[in-house]
Amino acid sequence: MKETILVTGGAGFIGSHTAVELLDSGYSVVIVDNFSNSKPEVLDKIRQITGKDFKFYEEDLLNLDGISKIFDENKIDAVIHFAGLKAVGESVEKPVEYYHNNITGSLMLIKAMKKHGCKKIVFSSSATVYGVNNPVPFVEDMPTSATNPYGYTKVMIEQILRDVYVSDNEWSVSLLRYFNPIGAHKSGLIGEDPNGIPNNLLPYIGKVAVGQLPQLNVFGDDYDTPDGTGVRDYIHVCDLASGHLCALKYVLENKGVEAVNLGTGKGSSVLDVLHSFEKACGKELPYEIKPRRAGDIATCYANTDKAKRLFGWEAKHSLDEMTADGWNFIKNNF
Ligand code: UD1
């Protein structure tokens, strides 16, 4: 049997796809989630897709005793840490909740890991840590910053983990900076299903496609980009999940701290994504150009050299495959 991996936030969008990939690759998986932005049904879907079982704890990372118990009851070899709040706008309205949940939750997890001698962690960071002043493509050694509390929690947790390594060189830390994850598992059983009205582009387009929202509001068409709309590096969530497996193998075999971009290195505009989605769902979708959204940048895409060099990993899916798989999930689940 391979190693036992604790997945925090394993019922969430990226966590559930990574749990599938771990189980398919023969790892033993323990999931902890508090369902704050996910549904219990996802756990059965993971079992259905993989035909494999895993242990599950409904627990909040803020509860140190509860988290410690997971380590008491299982010999955890490494942690993949997804759990956290992730809505940018909400983080501006509720900064204290965001800092408390994301930072304190991570500190409790690290405390429990230290207590049990578990020193290997893959952390769910974000391209948001490149802030607004770096030129594209973003490279891992550029300075980090943020424009909102959510982004600062990612910058701070990266720093906390770097400091943990400085204090004890036995640690192995992978800071994965995701670009824009979209798409869904080919089975159509798991995908992105946020509570309430979505903030992110793909779930929003999905709600328009199924008739739950009247139109897409395109935030700005006067950016310095080929068609004037914002350009992002969209990556299939299954490619992202496979990137986590590579990062996990790396932390199991090496010590140190590495920040690594997980993106495709290619940019697509809001209208590129909309038109690709229209092909997938076979109908035209209404949209209207609106003013720019506060805090958005024109263009964001990754330099992917380090992931190739360190992990031998690169993203494989095209934008059309991402929107087709996304639609396959949305039409069955929204
Ligand atoms: C956002 C967050 C980022 C976070 C990521 C997590 C902001 C400013 N950034 O990234 O910090 O890590 O989500 O998922 O919120 N768009 C529209 N109409 C919509 C929604 C989006 O035109 O209804 C446009 C945006 O202006 C942007 C692109 O679509 O150009 C992608 O937006 P989104 O999916 O929200 O992702 P990011 O803003 O890149």
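Guide: Just after α7, G211 takes a positive phi of about 85 degrees. Helices here are DSSP runs of H or I with at least four residues, strands are runs of E with at least two, and both are numbered from the N terminus. This is a predicted model, in which local features need pLDDT of at least 70 and side-chain atom pairs count only at pLDDT 80 or more, while totals for chains, interfaces and linings use all residues. Residues are numbered from 1 along each chain as its sequence is written, and side-chain values use heavy atoms, with hydrogens and water left out.

Helix α7 itself spans residues 201-209; nine of its nine residues are buried, so the helix is largely enclosed by the rest of the structure. Buried means under 20% relative accessible area, with a 1.4 Å probe and protein chains only.

We turn now to the nonpolar cores. Such a core is a set of buried Ala, Val, Leu, Ile, Met, Phe, Trp, Tyr and Cys residues joined through side-chain atoms within 4.5 Å. The largest one has 39 residues, and I5, L22, I31, I46, L176 and F311 have the most contacts inside it. Helix α8 (residues 237-253) supplies the largest share of this core, nine residues. A second, separate core of 26 residues includes I67, V79, C118 and W171.

How values were computed: Buried means under 20% relative accessible area, exposed over 50%, partly exposed in between (1.4 Å probe, protein chains only).
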